[in-house]
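Please read these points with the structure open beside you, and look up each pair of side chains as it comes up.

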Amino acid sequence: RTLMVDRSGDQPTQPRKPPEGGTTNGAGRLKAELQTGVLMPELPEVETMRRGIEGIVGGEISGAQRTPCQLKPIRITPHLTALRRRVVGQKVTAVDRIGKRVVVRLTSGDSLVFEPRMTGLVLLADPPDEGHVRFRLDVVCCAKQVRRGSNPVRRGAIRLLYWDRRGLGSVRLLSPSELLAE
């Protein structure tokens, strides 16, 4: 039996049971969470990333690009040209977390899925260093105020960055059926 601790008050809590018919790992977890809406406990770092980029909700995507990096390239699917064609002009409707993934949902129903793996970060600004930034999404923000690092940003363009020291992660654009099939 596993005992989990709620860090907000260090009170012992019971682990959540997986949804009926679901599993607690990998693709089965993703599918179970999508079907039931029940999120399994996961890395707090991924939830922190999700909360950190939540300010882009309502913004319109104006660009997507692989940034110049001399290191191992990350996997971006579909090909960048197709990804751009499907995301530019779309508005961000939500930023979610599914397991160890950060999911940016778009008005088209498609979802950009960032899988940071062990060394990746999804953030709005101030990456640990520019040399490991692997992907950039330009978003025209419509919110009254968005925090970018320690600086508040008023209406205007902001950069959502995917930073990955070892290049283990991926950025994928999935249709609703592809996301459910994961």
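A salt bridge is a side-chain nitrogen of Lys or Arg within 4 Å of a carboxyl oxygen of Asp or Glu.

1. The model is predicted, and a search of the whole structure finds 10 salt bridges in it. One of them is formed by Asp110 with Arg86, whose closest N and O atoms are 3.2 Å apart. Because Asp110 lies in the loop between strand 6 (101–106) and strand 7 (111–115), while Arg86 belongs to helix 3 (residues 80–87), the pair ties together parts that are 24 residues apart in sequence.

2. The two partners of this bridge can also be described by their accessibility. Asp110 counts as buried, at 10% relative accessibility, whereas Arg86 is partly exposed, with a relative accessible area of 31%.

3. In helix 2 (residues 44–53), Glu47 and Arg50 lie 3 residues apart, about one turn of the helix, and their side chains meet in a salt bridge at 2.8 Å, N to O. Both Arg50 and Glu47 are buried.

4. Glu47 also forms a salt bridge with Arg51, where the closest N and O atoms are 3.0 Å apart, and these two residues, both in helix 2, are 4 residues apart, about one turn of the helix. Glu47 has a relative accessible area of 17% and therefore counts as buried, since buried means under 20%, whereas Arg51, with a relative accessible area of 55%, is exposed.

5. Which residues are linked with Glu47 in a network of salt bridges? The network links Glu47 with Arg50, Arg51, Glu54 and Arg97.

Key. Residues numbered from 1 in each chain as written. Predicted model: local features only at pLDDT ≥ 70, side-chain atom pairs only at ≥ 80, totals over all residues. Heavy atoms only, no water. Buried < 20%, exposed > 50% of the residue type's maximum accessible area, 1.4 Å probe, protein only.
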